[in-house]
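Hi everyone, thanks for coming. Let's take a few minutes to walk through one model together, starting with the ligand site and then moving to the sheet.

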Amino acid sequence: MLKTKDLLGLYHTSAEEICEILERTAHMKELLNQGKKSEKTLAGTALLTLFYENSTRTRTSFELAGKYLGAHEVNIAAASSSVQKGETLIDTGKTLDSLKVDFIAIRHPLAGAPKLLAENVKASVINAGDGMNEHPTQALLDMFTMREKFGKIKGLKVAILGDIKHSRVAKSNLFGLSKLGAEVYMYAPATLMPKEIEKLGAHVCRSMDEAIEGAHCVMGLRIQLERQKGGLFPSLSEYSKFYGVKDAMLERADKNVIVMHPGPVNRGIELTPSVIEGENSVICEQVTNGLATRMAVLSLLREYRENNL
Ligand code: CP
């Protein structure tokens, strides 16, 4: 049983809750593998996706998760909503409460926006990415993918490479993986490595070799040019040369290494095309697992609502 009405991040989510979500995700994946897309788990509820930033994977998988589990599902794109007329986030939330929405999946450029919304609505709020803070369902689907491949999380070496500073995916993975006993190694240009990340449990590496040596999982991150004012690295080609993942590097990793990327990938920058398409890549499986993960989170939050609200 989850302990709160919302899923805002993994920093405040316990290991027990994470394990419960992973177990439920396995159940949802089994349903998907059996072609079951007409479950009634969320019948009688309404899910709203509220995205103030672009998305392909997250928004679509939340929408499909709701539909496959029988919820009424509506999307608001901020660009075409009353946000453009000056409506505040809290007023938008109160409007959605008045419309009897049960779940709001929100993506917002500002860290903390989902928490602010959650504190002001009766609906369950799920953080679908807030600025440079957290993206909990992405980390959960990443952990589920690792667990599927290795049968465990504890003891895995996970190398996270690239734009750590701007990455909510890196932070949510660090919190979740550390709670389940994995070791997280990070490598990035000094300008893209947060100063305090070691205090949060990461091993900061001095070289790509140090990060990848013996790694079970190599995770590339998208360079987030939209959150940078420029000047954090000399050029994309130089970034690719020194920080991009190439086939030969994977020979240093564990023999069963998996290559992950949250997407969207800048092909040839964070990973070479042959790494993206290679036999170690699980990038497409991550997307499928994202759907199962969001189905799991929604069903567990529904149980919380039924038992506590
Ligand atoms: N990984 C991820 O959040 O992808 P989208 O931006 O396409 O949702």
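A polar contact here is a pair of N or O atoms within 3.5 Å; within protein, one must be able to donate a hydrogen and the other to accept it, and residues adjacent in sequence count only if both atoms are side-chain atoms. By that rule, a side-chain N or O atom of Ser55 sits 2.6 Å from a ligand oxygen. Gln138 places a polar side-chain atom 3.0 Å from a ligand nitrogen, and a polar backbone atom of Pro262 is 2.8 Å from a nitrogen of the ligand. The ligand exposes 250 Å² when taken alone, and the protein buries 92% of that (Shrake-Rupley areas, 1.4 Å probe).

Please keep in mind that this is a predicted model: local features need pLDDT of at least 70, side-chain atom pairs count only at pLDDT 80 or more, and totals for chains, interfaces and linings use all residues. Numbering starts from 1 along each chain as its sequence is written, and side-chain values use heavy atoms, without hydrogens or water.

Who else surrounds the ligand? Among them are Arg57, Arg107 and His135, where near means a heavy atom within 4 Å.

Now the sheet. Tyr185 stands opposite His203 in S7.

Terms used. Two strands pair if DSSP finds at least two bridges between them. Helices (H or I, at least four residues) and strands (E, at least two) are DSSP runs, numbered from the N terminus.
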